[in-house]
Each structure stands twice: as C-alpha cells, then as structure tokens.
Amino acid sequence: MAAPLSPSAMLATSMHAQAGVYALLLGSGVSTGAGMPTGWGVVTDLVRKVAAQEDAESVEQAGSHPEAWWREHHGEDLGYSSLLESLAPTAAARQGLLAGYFEPTDEEREEGVKTPSKAHQAIAQLVKKGYIKVIITTNFDRLMEQALEAEGVAPQVIARPEAVAGMEPLAHATATVIKLHGDYKDLGSLNTPDELASYPEQWNRLIERVLDDYGLLISGWSADWDTALVALMEASPNRRYSLYWDGRSSRGDTAQRLLAGRRGTVIPAAGADELFTEIASNIEALERLVVPPLTTAMAVARLKRYLPNPVRRIDLHDLVVNATDDVAQGVIDQALSLPGDRGTSLQHVLDGHRERSHLLRTLLVEGVRHDDGVHDRLWMDVFQRLVDVGSVRRLGVPTQAHLERARLYPALLVQAALGTAATYRRRDGLVIKLATQVIGTRDHGVRLRLPAAQIVHPWRVLDADDVNLLPRWGGGRWTYPISRLLKQDTRDVFHDLIPDDEQYAGTFHGYEYRMSLIYAVTAEGSDHLYGPMQGEYVGETAWSWQQQDVPLAEIAFRESGELATEWPWIDFLGGESEQDQRLVAHREKLAHFKYHNLR
C-alpha cells in the first residue's frame with residue numbers, strides 16, 4: 001500500500017493551487033521561539049513586581065496565582081488594562097515599562113533574540129507571493145509586521161475592534177494582520193482569562209467572516225485559554241476549506257475537540273520555524289514545476305540586474321546554479337552506448353550537450369563580461385560541478401569509450417566559454433584559477449586528484465580520429481579537429497561580446513595558448529599527464545611573418561603582459577626572470593605542431 005501524502009505536502013499543494021484561500025492563526029508558540037514572552041507571562045511578571053513592592057513575602061504566591069493575589073490585595077479582578085494603569089499611569093510610562101519585554105536590546109538584536117524568526121520570515125515570503133492574505137494573531141508583539149515590512153509588504157493592521165468598520169475588505173487588501181488580543185502598547189489589549197471569555201461584537205463578526213471564507217492553519221495556539229475564539233470556531237459552519245494544526249500546540253483536549261468537529265488535520269512539526277519553512281520549501285518546489293523555462297534573453301536580463309546588487313547574490317546564485325543543474329542532469333542521463341558508427345553516435349551526444357549548455361554558457365560569458373572578480377567563486381563552483389558529475393564512473397553499465405569520455409564535454413565547453421571570455425576581458429587570473437584551483441578525480445582503479453586542466457584536457461575528453469569522423473564535416477577532415485570543434489562549438493555564446501569572426505578567432509587562439517602553458521606546467525614531472533595540445537592557434541598560418549619562429553598567440557600574450565597592471569603569469573611561470581625562458585622553451589614545443597598532427 002502506498003504511503004499517504006504528508007499533511008505538509010497536502011497543505012502546500014492546496015495553497016499553491018488556490019493562493020490566498022488559507023488564513024493563519026498564530027499563537028504565542030510562534031513568538032516564544034524568537035525569545036518573546038507570552039502575554040500572560042508579561043502579566044504574571046508585572047503582578048510579581050507589584051507584589052515585591054506591596055508585600056514582599058507574597059511574591060511567590062503572586063507568580064503562581066496572579067489572579068487570586070490581585071483580587072485579594074486589590075479587591076478586583078485582574079485585568080491587563082487596570083494592571084498597567086496601576087503601574088504606569090501615563091502612556092509614556094506604560095511604553096517604557098513594556099519596552100523591555102517586547103523590544104530587543106542591542107545585544108539581543110545581535111543574538112537574533114526578539115527579532116523575526118525563520119517562521120515569521122517564511123510567512124512573510126508566502127504573503128509576498130500571495131499565498132496568504134489574512135493573519136490572525138493572539139500575540140502582542142510586532143514581529144510579524146516587521147517580517148512583512150522586510151519583504152516590502154505593507155499590511156493593514158487591525159489591533160482594535162473599533163478599526164474593523166473602516167478596514168479595507170479582506171479580499172481586496174494585499175495583506176491583513178488581525179491582532180485579536182491587541183498590541184502590547186494598547187491598553188485595550190486582552191490577556192487575562194476573564195478578558196478572553198468574550199469578544200466585542202466587531203471582533204465576532206470579523207472572525208466569523210474569516211472562519212467562513214478561508215481555510216485555516218493554526219500554529220502556536222493551544223486553545224486552552226481563549227474561550228471566546230474557541231466558541232467562534234465551534235459555531236462556524238465552514239466546511240469549504242480544511243483546518244490544519246501543528247502537532248505541538250494541538251495536543252490539549254480543547255484542540256482535539258476542535259480538530260474532530262472541523263475534521264482537521266494535524267501537521268507534525270518540531271516547531272513553527274520547521275513548519276513554515278517546510279511549507280515554503282514545498283511551495284517553491286511546486287512553483288518550479290509550473291514556471292516556464294527562461295528564455296536566454298530573459299535569463300541574461302536577470303543576470304545583469306543581479307550582478308551589481310549585493311542583495312541579489314542569492315538570486316544570482318540560484319539563476320546560474322539552476323542552469324548548471326540542467327546541464328548536469330544531461331550528463332547523468334547521457335547514453336553510454338548507442339547503435340551506429342562512432343562518428344554519428346558521438347555527434348549526437350556532443351550536439352545534445354552543446355544545445356543543453358547554451359543557456360548556462362551564455363550566462364557565464366555575460367557574467368565574466370560584466371563582473372570584476374567578485375563572483376569568480378560562483379563561476380568556479382559551476383565548473384567544479386560539471387567536472388565532478390562528468391568524472392563519476394557509472395559502474396555496471398555497458399559503455400563505449402568515446403561516449404564515456406564525452407560526459408566531460410559540457411565541462412570542457414564551460415571552461416572554454418569562461419576562459420575565452422576571461423581572455424577577452426584580460427582577466428588572466430580567472431583562466432589560471434579555473435584550470436588549477438578546480439580539482440577533480442580520475443578513478444581507474446587508482447583515485448587521482450588532479451587539477452581541472454588535466455581532468456578536462458581535450459585529449460582526455462575527445463579523440464582526434466573520432467572527431468574527424470563526425471558527420472558535421474561532410475566527409476572532410478581537419479588537421480586539428482579538436483581545436484576546430486571547440487572553436488566552433490564555443491562561438492554560439494560570443495556573438496554579442498565578440499561579433500567579428502576574426503577577432504573571435506584571435507581571442508580563442510589566445511585562450512588556447514594560455515591553456516597550453518597551463519597544460520605544460522601541470523604535466524611537468526609526469527609521464528602520465530597531458531602537455532600542450534596541437535591546435536589552430538599554432539597551425540602553419542598562425543606564426544608571425546616578421547618573426548618566423550614565434551606564434552602570433554605568443555606575441556599577443558606578451559603584449560597583454562606589457563599592458564597589464566597585474567600579470568598573474570609571472571608567478572605562475574616561476575617569477576619574472578623565468579617567464580621569458582619558459583615562453584621560449586614552450587615555443588619550441590609548439591613548433592612540433594606547426595605542420596604535423598602529432599599527439
């Protein structure tokens with residue numbers, strides 16, 4: 001038998017399908033988690049303070065039975081209003097008296113005490129999105145209002161029954177907070193059992209309307225003291241929408257009676273923070289299912305808005321990571337064995353990776369184009385994700401070697417896009433970081449931790465003979481097939497940044513030259529790692545006519561170093577005195593690729 005759907009998922013599904021039809025009833029349990037006292041706790045403490053001054057020996061009795069103590073010593077029933085008037089006769093005095101209970105000190109604020117909790121923040125986000133429009137609260141504090149304001153929501157707050165007559169209709173207001181017991185600064189607040197035995201008629205009509213028109217989610221309210229609200233709920237005929245109640249505050253007899261009478265559902269939750277963050281998370285998951293895929297133009301527009309704004313760092317992260325996850329899923333789903341000849345099957349897989357990674361690569365190029373290095377960690381994390389997912393061995397699955405290697409092609413395309421953009425923007429430090437600070441694992445019986453330059457080396461990902469078999473060439477063959485493939489497959493995301501084809505080719509060759517230096521350095525001292533790769537950047541026509549033995553890419557590289565205020569290659573190549581010697585020695589290695597397709 002299938003497991004039943006969790007109550008939290010049931011509620012989130014209903015809220016997502018019919019935004020705004022569920023109201024909240026929040027009790028003290030929501031605020032006590034943020035360090036706020038309960039209203040009754042404030043009353044009890046105030047009575048103890050009175051007792052300490054009038055009859056010090058009865059302080060303990062005042063704390064245990066404040067109503068009885070007050071009646072015995074003051075000859076009247078304990079009331080919130082009368083208590084405050086006794087202690088602080090003026091409004092300013094009352095405000096000062098209560099501030100210590102409800103307003104955080106600087107130290108408390110630093111520790112997150114008496115400030116909106118995760119529950120308040122999650123609720124505010126749900127309100128901002130329109131899933132919740134009505135909040136009834138029995139709390140005196142202003143944490144809910146503060147959380148809403150932080151989300152840019154300006155709710156109408158109804159804290160006195162007299163305000164009901166002039167309020168905006170619930171259905172028309174963006175958000176309404178009904179402070180059923182009042183605000184802590186208001187003498188008309190309700191707190192004691194006698195005060196909670198009945199409500200003014202305006203409150204009755206408003207709450208009846210909410211109970212009849214809306215479903216209800218209750219959190220942090222036990223129903224043990226508020227007899228007037230219990231009576232209204234028992235009398236409400238509403239059966240249109242369900243009642244949900246968190247398991248922690250619904251354990252009492254009265255709560256169980258209300259649940260049974262309204263056929264309510266208990267939601268297991270450790271507390272309000274866990275309850276509302278889970279509901280918000282569930283709704284976000286549902287939103288992702290129905291949101292249409294972003295067009296490339298829309299995604300780039302968002303990226304440009306997010307990049308310069310520190311407040312939108314999470315939005316930027318989510319935008320880029322969501323695109324990365326889609327590419328990674330393509331790697332996970334990639335076939336490892338296909339019928340037909342090697343060239344056809346390889347082209348099918350490579351084309352799929354290129355198309356699926358187009359959005360991500362466009363975002364990364366635009367990111368590097370407009371960024372000054374602040375977000376380098378994000379670009380590196382994206383590359384790391386694809387290196388990792390492409391390197392994981394899939395055991396027990398029939399594989400063809402050329403398709404197994406192709407699982408790293410998205411990582412190679414992303415590195416080429418980032419590196420070419422960084423080369424164009426003269427951000428050579430990013431080229432080096434991507435190739436050397438992103439680390440991957442090769443697992444062929446022995447697990448080896450290597451820099452990405454070696455994990456995603458083009459020779460490790462592609463075989464030159466296989467690439468020359470691709471049907472895309474129409475039967476032709478290239479002297480440097482891997483270099484030609486990468487330059488073509490990276491071109492699609494550079495039309496805006498580098499519209500001129502010749503300038504793009506020069507930039508890409510500059511990137512290839514830089515990578516050849518990194519390949520040489522990272523392979524030093526090993527016979528099992530890959531050195532510089534042959535490519536069009538050192539082909540027969542890519543050498544200077546004035547200096548027959550110098551590649552054009554090297555000349556451009558040296559010129560970039562002379563213009564740069566900071567040139568990270570000096571340190572990478574072993575110091576200023578070593579740089580020229582290394583470049584000359586490197587040129588001799590590249591000369592072997594000038595006329596020959598050597599491996």
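Three bridges, counted as 3, join strand β5 to strand β6 (residues 243-246), and the two run parallel. The model is predicted. β5 and β6 belong to an open sheet of 7 strands with parallel pairing, in the order β3-β4-β2-β1-β5-β6-β7.

- Strand β5 spans residues 215-219 and is mostly covered, with 5 of its 5 residues buried.
- G215, L217 and S219 point to one side of β5, while L216 and I218 point the other way. Residues on both sides are buried.
- On the β6 side, I218 has W245 as its bridge partner.
- Strand β1 (residues 22-26) is joined to β5 by 5 bridges, and this pair also runs parallel.
- Within β5, S219 stands opposite L26.

- Strand β4 covers residues 176-179. T176 and I178 point one way from β4, and V177 and K179 the other way.
- These four β4 residues, K179 included, are all buried.
- Strand β2 (residues 132-137) pairs with β4 in the parallel sense, over 4 bridges.
- V177 in β4 has I135 opposite.
- I136 has I178 in β4 as its bridge partner.
- Strand β3 (residues 156-158) pairs with β4 over 3 bridges, again in the parallel sense.
- I158 is also a bridge partner of I178 in β4.

**The sheet and the helices on it**

- From one end to the other, the strand order is β3-β4-β2-β1-β5-β6-β7.
- β3 and β7 (265-267) are the edge strands, and each pairs on one side only.
- Neighbouring strands are turned against each other by 20° on average, direction ignored.
- Helix α1 (residues 7-17) packs on the sheet and touches β1, β2, β5, β6 and β7. The direction of α1 makes about 105° with that of β7.
- Helix α14 packs on the sheet as well, touching β1, β5, β6 and β7. The direction of α14 makes about 145° with that of β5.

**L289 in α14**

- L289 sits in helix α14, which spans residues 272-290.
- L289 counts as exposed because its relative accessibility is 69%, and the cut-off for exposed is over 50%.
- L289 and K589 are 300 residues apart along the chain, and their C-alpha atoms are separated by 53 Å.

**Largest pocket**

- The largest pocket holds about 1300 Å³ of space.
- It is lined by 24 residues, and R288, R302, D315, D318 and N322 are the closest to its centre.
- Five helices each supply at least two lining residues: α9 (118-128), α14, α15 (296-306), α16 (313-333) and α18 (358-370).
- Helix α16 gives the most to this lining, with 7 residues.
- By class, the lining of the largest pocket has 11 nonpolar, 2 polar and 11 charged residues.

**Second largest pocket**

- The second largest pocket holds about 510 Å³ of space.
- Its lining has 24 residues, with G506, T507, H509, G510 and A556 nearest the centre.
- Two or more residues of this lining come from each of α21 (409-424), α27 (501-523) and α28 (552-563).
- The lining of the second largest pocket divides into 9 nonpolar, 10 polar and 5 charged residues.

**Cavities**

- The structure holds 5 cavities of 30 Å³ or more.
- The largest cavity has a volume of about 90 Å³.
- Among the residues lining the largest cavity are L412, A416, P458, L486, F508, Y511 and E512. The lining also includes M515, S516, Y519, M533 and Y537.
- Helices α21 and α27 each supply at least two residues of the lining of the largest cavity.
- Helix α27 gives the most to the lining of the largest cavity, with 6 residues.
- The lining of the largest cavity has 10 nonpolar, 1 polar and 1 charged residues.

Conventions. Residues are numbered from 1 along each chain as its sequence is written. This is a predicted model: local features need pLDDT of at least 70, side-chain atom pairs count only at pLDDT 80 or more; totals for chains, interfaces and linings use all residues. Side-chain values use heavy atoms; hydrogens and water are left out. Buried means under 20% relative accessible area, exposed over 50%, partly exposed in between (1.4 Å probe, protein chains only). Two strands pair if DSSP finds at least two bridges between them. On a 1 Å grid over the protein atoms alone, a cavity is a set of points where a 1.4 Å probe fits but cannot get out, and a pocket is an open set with protein on both sides within 12 Å along at least five of seven lines; lining residues have an atom within 4 Å of a point. Grid points are joined across faces, edges and corners, and a volume is the space filled by probe spheres set on the points. Ala, Val, Leu, Ile, Met, Phe, Trp, Tyr, Cys and Pro count as nonpolar, Asp, Glu, Lys and Arg as charged, and the others, Gly among them, as polar. Axes are lines fitted to C-alpha atoms, for helices over the stretch in contact, and angles run from 0 to 180 degrees between N-to-C directions. Contact means heavy atoms within 4.5 Å.
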